[in-house]
Amino acid sequence: MGSGIHEWPLMFFTVIGQSVAGAFIMMAAVLLSGKLSTDLARQIKLSMFGLWLLMGIGFLLSSMHMGTPMRAFNAFNRLGSSSLSNEIASGALFFAFGGLYWLLAVLNKMPAALGKLWLIVVMVLAAVFIISISRVYLIETVATWDNGYTIVNFILTAFLGGPILAALLLRIAGFDLQCIRRVPAVSIIALLVGIYAAISQGFELGSIQTSVQKAVDLVPDYGMLMGIKVIAVALGLGCWIMPLVAKRNPSVAIMAIGFLFVSVGEFVGRGVFYGLHMTVGMAVN
């Protein structure tokens, strides 16, 4: 009880979706830096295929939550007025425009000037998608979700899973991660903010209850699970940071292990989030 594992399709979609969006922003920034050789820039564009593969799997799994994939199209019925419709639409736009950029770029059909503008547009769509996912869960009747922790934790996923996923794909493309050695600091700050948020939310859960249940009873192992999340994420970031400290370019294998650790940590945290869902009722704070 409290692990949220029954919502595993949504766990994968939200964690991977926000990680992919965060990774795209970072990879696009590298491409826009203008400091890459033509060959390296092409290799980075080719490696972006990993983003769209993960995004496609995420969308496929998210459709399972609707009972049948055909119901996914119904999510667009309330575009503009429904947070769910906005999330699906923003994700679809990000996926479509990002995927089209990748296809045209690898086929050498993307003009240089247009390519830069296109990257900026998709970066904006990625940011909108990240925020849109968190807004879906700001439900007034779910006191454990309708708070700032939901927005903070969902956005932090983009700063934790995104950079290390981007670094992995950049390394696969042959990029020297020493060139962006300060980027891991962003993820370290995000981890520290996440630790503070987890501790603060843990204390506040004790004051939330309905007429039939208490929030603290939903996830009795809250402290242990959040501890596992922090340790997993820290180990993952360590796989990226330690080679840089030793002034070495991390290997692809080490970066893959690092991304796996961070993903596991974020999955655990997202499972706790879904486990905190309370039945509809009058909440008492």
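User: Is E266 buried or exposed, and at what relative accessibility?

Analyst: In this predicted model, the place of E266 is in helix α10. Residues count as buried when their relative accessible area is under 20%. E266 falls below that limit and therefore counts as buried, at a relative accessibility of 3%.

User: Which residues does E266 touch, leaving out those up to four places away in sequence?

Analyst: E266 belongs to helix α10, and it is one of the residues through which α10 meets α1. Once residues up to four places away in sequence are set aside, the residues that E266 touches are V15, T157, L160, K229 and V233.

User: How many nonpolar, polar and charged residues does the contact of α1 with α10 have?

Analyst: On the α1 side the contact is made by L10, M11, F12, T14, V15, I16 and Q18, while E266, F267, R270, G271 and Y274 take part from α10. Sorted by class, the contact of α1 with α10 has 2 charged residues, 3 polar and 7 nonpolar.

User: How are α1 and α5 oriented to each other?

Analyst: The axes of α1 and α5 are 9 Å apart, and the angle at which these helices pack is about 155°. α1 passes α5 in a left-handed crossing. Since angles over 145 degrees count as roughly antiparallel, α1 and α5 are therefore roughly antiparallel.

User: Into which classes do the residues of the contact of α1 with α5 divide, and how many are in each?

Analyst: Residues of α1 including F13, G17, A21 and L31 meet residues of α5, among them K116, L119, A126 and I133. Taken by class, the residues of the contact of α1 with α5 divide into 1 charged, 4 polar and 17 nonpolar.

User: Which residues is M123 in contact with, leaving aside its neighbours within four places in sequence?

Analyst: M123 has its place in helix α5, which spans residues 112-135. Although M123 and A28 lie 95 residues apart along the chain, their C-alpha atoms are separated by 7.3 Å. Leaving aside neighbours within four places in sequence, the residues in contact with M123 are F24, I25, A28, A29 and L32.

User: Is α2 oblique or roughly antiparallel to α4?

Analyst: Helix α2 (residues 38-47) and helix α4 (residues 83-106) have axes that come within 9 Å and cross at roughly 140°. Roughly antiparallel would call for an angle over 145 degrees, and the angle found here makes α2 oblique to α4.

User: How many disulfides does the structure hold?

Analyst: A disulfide is a covalent bond between the sulfur atoms of two cysteines. The cysteine C179 is exposed, with a relative accessible area of 59%, whereas C239 is buried at 16%. The number of disulfides that the structure holds is 0.

User: How many helices and strands are there in the protein?

Analyst: From the N terminus on, the elements run α-α-α-α-α-α-α-α-α-α. Of the 285 residues in the protein, 49% are buried. The protein has 0 strands, and the number of helices is 10.

Definitions and conventions
Residues numbered from 1 in each chain as written. Predicted model: local features only at pLDDT ≥ 70, side-chain atom pairs only at ≥ 80, totals over all residues. Heavy atoms only, no water. Axes fitted to C-alpha atoms, helices over the stretch in contact; angles between N-to-C directions. Helix = DSSP H or I, 4+ residues; strand = E, 2+ residues; numbered from the N terminus. Parallel < 35°, antiparallel > 145°, perpendicular 65-115°, else oblique. Disulfide = S-S within 2.5 Å. Buried < 20%, exposed > 50% of the residue type's maximum accessible area, 1.4 Å probe, protein only. Contact = heavy atoms within 4.5 Å. Nonpolar A, V, L, I, M, F, W, Y, C, P; charged D, E, K, R; others polar. Left-handed = near helix turned anticlockwise from the far one by under 90°.
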